[in-house]
Amino acid sequence: MRRSSSPLRRLPQVLLVVAASAAAVASPGGAAATLWPNVPEQIARALTSGDALERRLAATRVGELAPETAIRLIQRGMSDPDVEVRLHLAGAAVRLRMPRAGDLVIEWLGEGDARLRLAACDVIRAAPTDRSVVALGRVLGDPDPHVRLAAATAMGAAGLPDAVSPLLGHLDDTAPEVRAEVARALGRIGDARAVVPLIGKVQDSVPEVRKATARALGELGDPRAVSALLLALQDASQDVRVEAVTALGRLRSDDATSAIADLVTASPGAAGAFPGARPSDSATSSNDVREAALRALGRIGSDAAVKALLAALAKDNPAAPRSAVRDALVSAGAAAVPALVAALAAAPSANTAAGAALVLGELKAREALPAIERGMQRGVVPLRHGLRALGALGDPAALPGVLELLGDADPAVRAEAIRAAAALLDPARPDGRAVDPARALLVDPATAPDEKLALVQLLGRTGSPRAQAALLPLAKARSTPLRLAVIEALGAARAAGTLGAAVDAALLAALDDESADVRLRAAIALSRVAGPGSARPLLQRLTVAAEQDRGALGIALSGALSRADDASGAKAANDASGKGLVHDVAAAIASAPDAARDALIEGLGRMPGQAAGAALARMASAAPIDDRRKIAEALAGHPEAAAALRKLAGDPDPGVRANAVWSLGAAGDKDALPLLLPLLKDPDAAVAGNAAGAIGRAAGRAGQPARAAAALCAALPDARPYVRANALAALTVAGARCDGDAARDLLARDPAEAVRLAAADHLARSGADDDRRALARCAAEDRNATVAGRCARAAPPRAPAAGAEDVAVFIVPFDAGRGGSVRDAPAPRAPFALVRADGLMRLGVADRRGEIFERGAPRGPIRLTVPAPLVK
């Protein structure tokens with residue numbers, strides 16, 4: 001089977017061949033650290049040795065132990081007389097995020113060794129307590145500036161109001177890096193007492209302090225800072241100007257709009273390119289200042305701000321996929337729509353009109369459809385940009401106007417018209433309006449080959465029987481690219497009656513094609529649309545014909561079985577034996593080779609009706625490990641067999657438990673919660689992580705967010721990153737929230753990217769000021785670009801797309817041993833971590849084909865990340 005070179009995409013009931021992380025080449029659990037049972041005892045004894053060197057060596061190994069054991073030993077050893085021992089244990093406490101560790105190091109703040117004072121600050125930052133944060137106040141006067149810096153950082157990270165007064169007393173520290181950190185800390189805490197003192201630091205002699213001060217004033221959100229920030233717009237440092245204009249945007253001060261607009265009208269890239277600017281001493285370009293000004297105007301969103309952004313469209317490039325000007329107008333939201341519509345009704349420049357139309361499309365402002373269409377008819381809006389806007393608008397009412405341009409003389413306009421029409425169609429909602437114009441162009445000899453491929457895809461998007469009738473004759477086209485496009489289009493929607501049977505027959509014939517690409521594409525199409533009558537022929541070919549492409553047949557059969565219940569399967573085959581399709585599939589599993597068993601088990605899982613679930617439950621009791629793993633996955637489609645899943649959740653094999661627990665999240669009800677709770681502490685990270693996800697899903701369906709919070713909040717201190725991350729995502733799915741600032745704390749301090757991403761998504765659902773400030777700080781300060789970007793884009797999520805879809809994913813790992821190249825085939829039993837559109841991670845190992853099947857996945861992007869065994 002060939003792997004796809006395209007990014008991971010979401011398609012209903014379809015094979016997805018993806019490249020996993022290089023970590024996926026490891027065997028399940030192979031990378032997990034293992035220790036002999038007597039090692040913890042040896043380390044514990046060594047920590048009490050009279051030999052300091054032996055204690056030091058033991059202290060370096062504490063982090064290898066189970067968290068409960070390590071924390072107990074750290075508590076005992078924090079008073080060790082040897083400095084090196086204490087430093088090693090402090091590092092372990094930070095890595096383990098040891099609860100209330102700050103209280104254990106308060107006395108260190110008065111030690112003569114600066115290393116201990118620094119370590120104490122780090123521990124308090126990682127695990128603050130009220131008492132330890134207050135104790136840091138006296139360290140702000142430490143003779144060592146590094147200690148003062150660490151203390152200010154820890155106080156800001158803790159966010160306690162009690163820290164404000166001590167910090168204000170050190171805004172004039174002799175070390176500029178300490179002054180800057182004190183300003184940042186005050187911004188993080190968010191106490192209004194800091195506003196006036198910080199205003200006085202806007203003209204500090206050091207640019208880094210001025211920059212930190214401007215950012216802090218923006219975080220504090222107090223309008224008293226506007227005048228000082230306007231002054232900072234003329235700072236000699238462009239870094240300071242960026243922070244000042246960003247802060248004004250956060251304040252949403254319309255009084256600043258005029259000054260910010262001056263930055264936008266400056267020529268991008270020119271030094272000092274706005275009134276009053278002084279020569280720059282920063283590596284930041286003036287274009288960075290301009291883009292920050294655009295973002296600020298978008299956040300302000302007033303009539304004057306929108307007017308300034310509209311003026312900027314005149315110099316913008318509408319052909320660019322993204323632009324800072326358009327992004328700013330989109331961020332202004334619905335407030336910008338009237339001005340954009342009015343601009344199209346006037347006599348704007350081509351750039352302005354194109355940009356306005358594109359923004360309206362991205363805003364999904366359907367009320368703007370007449371204005372965009374009139375602008376295109378008047379020649380004000382360039383056709384290709386107008387078509388792009390209509391496609392983004394997503395209003396089916398725009399389709400007639402788009403179809404009129406399918407035959408335009410300009411190839412660029414024709415191509416954009418086809419793309420727009422495809423975007424406006426949904427195969428699940430048959431719409432035949434595009435069939436005739438698309439078919440006419442498809443059979444026109446003058447139509448270019450690449451346009452024919454796009455037209456075939458467009459016909460598939462219509463979901464219309466007339467389109468499928470037009471495509472069927474091309475299923476055996478000599479051109480392989482055209483044949484592939486036709487097969488994919490035939491699989492876009494299920495046809496009824498004789499036409500459906502003809503489509504099935506054409507796709508079944510394509511399974512014999514000599515091209516593996518054609519076979520794979522036909523299998524995907526059959527998995528989407530094959531009728532119940534195709535199930536038995538596919539079953540026979542999969543289990544009997546050794547020369548067949550079993551991988552492709554398995555994909556097709558799994559989808560066909562999802563639409564064939566036991567009675568219809570028997571009737572379709574005129575089965576004189578009286579035994580149904582479930583019996584035949586189950587019998588085939590007993591004798592099928594390994595290459596076919598997983599596909600058959602998966603097919604039973606997708607079959608509707610209790611008979612299929614009962615057959616899987618019967619097989620589970622005596623099945624080998626690989627079968628049990630797949631059965632545990634397949635039972636997600638059979639809630640009536642939840643008892644079998646509960647039994648599999650206690651299986652000795654962690655791969656079986658992981659799949660069973662995840663399936664309980666899909667098939668279990670509130671009665672499954674008592675079983676899932678103890679599995680949060682399962683020694684296998686995949687099982688525990690899946691248990692967190694399952695609790696969130698089950699509690700969410702049952703409308704019991706309080707039960708989810710009680711279990712999942714207790715899992716947030718877990719030492720395993722994916723357990724913490726899934727607990728946060730599960731809280732979001734269940735609509736639950738922990739008391740206090742647990743999620744904000746994880747966003748600010750957790751070392752794992754996955755956890756901080758989950759925390760950002762969780763906080764985005766809240767409108768609380770503290771959560772918005774935490775996200776803003778993350779966007780500005782997180783050193784991981786992915787996390788910072790997520791925090792910057794965080795917003796209350798839109799309503800989820802209707803429905804869900806079944807997705808098959810094949811794991812094709814990168815091979816680190818071959819210079820990072822991608823393997824040629826999926827990896828059987830490869831560990832994986834699959835991130836769904838709702839943020840939940842499914843963890844475990846793939847089946848014997850290297851496949852995982854995710855039933856009822858929410859619509860949206862999915863991706864693979866580093867498997868749990870390789871994440872620390």
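I took a disulfide to be a pair of cysteine sulfur atoms within 2.5 Å.

**Ground rules.** I am working on a predicted model, where local features need pLDDT of at least 70, side-chain atom pairs count only at pLDDT 80 or more, and totals for chains, interfaces and linings use all residues. Residues are numbered from 1 along each chain as its sequence is written, and side-chain values use heavy atoms, with hydrogens and water left out.

**Search.** I searched the whole structure and found 2 disulfides. Counting bonded cysteines along the chain, I get the pattern 1-2, 3-4.

**Cys 713 and Cys 738.** I found these two joined, S to S 1.9 Å. The link is left-handed, with -105° about the S-S bond. I placed Cys 713 in helix α41 (residues 705-715) and Cys 738 in the loop between α42 (721-734) and α43 (742-749). They sit 25 residues apart, so the pair links distant parts of the chain. For helices I used DSSP runs of H or I, at least four residues, numbered from the N terminus.

Next I checked burial (buried is under 20% relative accessible area, exposed over 50%, partly exposed in between; 1.4 Å probe, protein chains only). Cys 738 has 12% relative accessibility, so I call Cys 738 buried. Cys 713 has 22%, so Cys 713 is partly exposed.

**Cys 778 and Cys 791.** Here the sulfur atoms are 2.0 Å apart. Which hand does this disulfide have? The torsion about the S-S bond is about 75°, so the disulfide is right-handed. Cys 778 lies in helix α45 (residues 769-781) and Cys 791 in helix α46 (residues 785-793), so the pair ties together parts 13 residues apart in sequence. I noted both cysteines, Cys 778 and Cys 791, as buried.

Note on methods:
Helix = DSSP H or I, 4+ residues; strand = E, 2+ residues; numbered from the N terminus.
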